[in-house]
Amino acid sequence: MHAARVVAQCKVNLFLRVLAREASGYHQLETLFCRLALGDDVTVRVGGRTRSLDVSGSMLPLDGLGPVERNLAWRAAIAFSTAAGWPSNFAIEIEKRIPVGGGLGGGSADAGAVLRTLNALAPEPLRADELIRIASTLGSDVAFLTQDTSTLALAWGRGDQFVTLPELPERRCDLVVFPFGISTPDAYRWLAEFPPPLPTSRHLHVDQLARWSTIDSLMFNDFERVIVPRYGELDRALRCLRQSSGQSPPRLALMSGSGSTVFTMVDDNTSESSSNAVGAIADKVGHGVQVIETRTSASVESVRAYD
Ligand code: C5P
């Protein structure tokens, strides 16, 4: 048997605008993706006699992840095998650390990790553009979470078309995780019922995406206007974070993707008492809220193959 392993890093959306609704029902969007250090551990073995998927970890919902055929990691392996004509069998093991249904792209990251590990093991690897093409058939975030060029990208279309950007220095990122997820189709449906005003024309200079200080001023998420009013806990968390500790400028806090996770960027020179304030949010906001401390990532994790 041959195996390969990679940490499937999750993502946050540093900004997210939802644009037109296509005739297909999908929405066009504009977003700035950033990978974080937090990731699921994904191992893929080939050469066995069966196909299997085993998911473990404390982040699993009590009612599980649903049928295996709908799991994105499983579908990624099937799609790879169909496109490459290899492997006939595979064993995928995922240890979940990324909250499920949290807008952090956990399922998409696992799918991207499966595509990358299989390609690392394949006797005839696919070209990078072929791998990305397969990724984009699986879901909107999978293409970004499959590419290994950069941890930062400006994306458009359904989020599957992007330009990678130079990586930024790592920065602390605290995630406020709720005991419930938000379904992506619901989030888009709520937005379609209450569409955002058409964006006024804006001109982004690439230099604005090359520094944290200017990215900070662009942080925005269109989904907040339809999701935050529906979930009091989210509203309380965002208010607490944005008002907490009398920071100047105020702490940056934003919902990621279509929620429910809220993230806050904390500069490394932030005082201990201020960073403890993020931990205290969990107590203030409600039962079952957790804080996960992680960092933005300055490099895409490499795949390690072994026998
Ligand atoms: O891409 P993903 O499978 O996560 O999308 C789930 C659902 O979210 C889609 O079936 C669609 O209803 C909605 N969606 C959308 N526009 C997008 C992405 C997702 O309307 N760009």
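Guide: In this predicted model, helix 4 gives the most to the shell around the ligand, with three residues. Strand 2 (27-46) and helix 4 (184-193) each supply at least two residues of that shell.

Visitor: Which residues are around the ligand?
Guide: A shell is read as the set of residues with a heavy atom within 4 Å of the molecule. Here the residues around the ligand are Gly 25, Tyr 26, His 27, Leu 29, Gly 139, Ser 140, Arg 158, Thr 184, Pro 185 and Tyr 188, and by class they divide into four nonpolar, five polar and one charged.

Visitor: Which polar side-chain atom lies 2.8 Å from an oxygen atom of the ligand?
Guide: That atom belongs to Ser 140, while a backbone N or O atom of His 27 lies 2.8 Å from a nitrogen atom of the ligand, and a backbone N or O atom of Gly 25 lies 3.4 Å from a ligand oxygen. Taken alone the ligand exposes 450 Å², of which the protein buries 71%.

Visitor: How many residues has the largest nonpolar core?
Guide: That core has 62 residues, and those with the most contacts inside it are Leu 14, Leu 32, Val 114, Leu 175 and Phe 263. Strand 2 provides its largest share, eight residues. A second, separate core has 27 residues, including Leu 29 and Val 176.

Visitor: What does Leu 175 touch?
Guide: Leaving aside residues up to four places away in sequence, Leu 175 touches, among others, Val 12, Leu 36, Leu 104, Phe 263 and Ile 292.

Note on methods:
Residues numbered from 1 in each chain as written. Predicted model: local features only at pLDDT ≥ 70, side-chain atom pairs only at ≥ 80, totals over all residues. Heavy atoms only, no water. Polar contact = N/O pair within 3.5 Å; in protein donor to acceptor, adjacent residues only side chain to side chain. Areas by Shrake-Rupley, 256 points an atom, 1.4 Å probe, with all protein chains shown as cover. Helix = DSSP H or I, 4+ residues; strand = E, 2+ residues; numbered from the N terminus. Nonpolar A, V, L, I, M, F, W, Y, C, P; charged D, E, K, R; others polar. Core = buried A, V, L, I, M, F, W, Y, C linked by side-chain atoms within 4.5 Å. Buried < 20%, exposed > 50% of the residue type's maximum accessible area, 1.4 Å probe, protein only. Contact = heavy atoms within 4.5 Å.
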